[in-house]
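Trainee: I would like to go through this chain and ask what lies behind each label.
Mentor: Go ahead; here it is.

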Amino acid sequence: MRRWGWVLMIGVLVVTTFFGCSPSSDTGPPPVTEYDRTSADNLLKFFAQAYKEKDLTDYDDALDEDFFFQFTPDIADSLGLPPEEPWWGKSEDVNSTRLMFENPNVTDIAFSYESVGEWEDHVEVREDTTFSGLFRRYDPLIEVTVIIESDDDPILKLRVDDSWLDVTVVPDRLTNGLWTILRIEESKKQH
C-alpha cells in the first residue's frame with residue numbers, strides 16, 4: 001500500500017472527476033494561517049498547513065508560477081506521463097489538489113515532514129530563465145483519509161511515506177520578501 005500511495009491518491013482524484021464533486025458544505029470560519037512565506041522554512045510550514053486545512057488559495061500561493069512536480073517513474077507511468085517528461089506543472093497540480101480538497105469523501109489530510117540536512121544554495125537553469133534559490137530534501141508523511149461508501153471497510157487511508165521529496169524554493173518574483181516552491185521531485189527511498 002505504501003509503494004502505491006501516490007497512485008491511490010491520484011486514483012481517488014480521477015474517480016472524483018468522473019463522479020463530479022462539489023465544494024465542502026463546511027460553512028465555518030476560514031482557517032487561521034499560522035505561518036507565512038517570509039522564509040524558506042516558513043514556506044514549507046505554510047505549504048503543509050495549507051494541505052492539512054484544504055486551503056487551496058494558500059496552496060496555490062505557495063507554488064511558483066513555474067512550479068513543477070516530478071514523479072517517480074512508476075507513478076508517472078500510471079498517470080500516462082511520458083518517460084522523458086515525468087512531471088506536471090502548477091495548473092495540473094493545483095487542479096488535482098483542488099479535486100482532492102473539494103471531495104466530500106476526503107475527510108482528513110495529515111501532512112508532516114522532517115528535513116534531511118540543511119538548506120543548500122541552488123541554481124536551476126531552464127529554457128529561458130535561471131532561478132537562484134535553495135534546495136533541501138524532506139522525509140514526508142502524508143496520510144489522506146477517504147470514506148468509500150460502497151466498500152466493506154468504509155475508511156481508506158492513503159499513506160505516502162516511502163519517498164523523499166527534494167524541494168527547491170526561490171524568492172517570489174511577484175511579491176518582495178516572500179518565497180515560493182519552484183520544484184518538488186519525488187524519489188523512492190532505497191530499502
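Mentor: First a definition: helices (H or I, at least four residues) and strands (E, at least two) are DSSP runs, numbered from the N terminus. The model is predicted, so local features need pLDDT of at least 70 and side-chain atom pairs count only at pLDDT 80 or more, while totals for chains, interfaces and linings use all residues. Residues are numbered from 1 along each chain as its sequence is written, and side-chain values use heavy atoms, with hydrogens and water left out.

Trainee: Which residue just after α2 takes a positive phi?
Mentor: Lys54, with a phi of about 55 degrees.

Trainee: How do you know that the span of helix α2 agrees with its number of residues?
Mentor: The expected span is 1.5 Å times one less than the number of residues. Helix α2 (residues 40-52) has 13 residues and should therefore span 18 Å; its end C-alpha atoms are 19 Å apart, which agrees.

Trainee: Why is Ser163 called buried?
Mentor: Buried means under 20% relative accessible area, exposed over 50%, and partly exposed in between (1.4 Å probe, protein chains only). Ser163 has a relative accessible area of 0%, so Ser163 is buried. This residue lies in strand β6 (residues 163-171).

Trainee: Why does Asp128 count as exposed?
Mentor: Its relative accessibility is 73%, so Asp128 counts as exposed. Asp128 is found in the loop between β3 and β4.

Trainee: Which residues of α2 are buried?
Mentor: Among them are Leu43, Leu44, Phe46 and Phe47. For the chain, 45% of the 191 residues count as buried.

Trainee: What makes a pair of side chains a polar contact?
Mentor: A pair of N or O atoms must lie within 3.5 Å; within protein, one must be able to donate a hydrogen and the other to accept it, and residues adjacent in sequence count only if both atoms are side-chain atoms. The side chains of Ser163 and Glu186 are joined by such a contact at 2.7 Å. Asp128 makes another, side chain to side chain, with Thr129 at 3.3 Å.

Trainee: How do you know that β3 and β4 pair?
Mentor: Two strands pair if DSSP finds at least two bridges between them. Strand β3 (residues 106-125) and strand β4 (residues 130-147) have 16 bridges, in the antiparallel sense. Glu124 stands opposite Phe131 in β4, and a hairpin of four residues joins β3 to β4.

Trainee: How many helices and strands has the chain?
Mentor: Five helices and seven strands.
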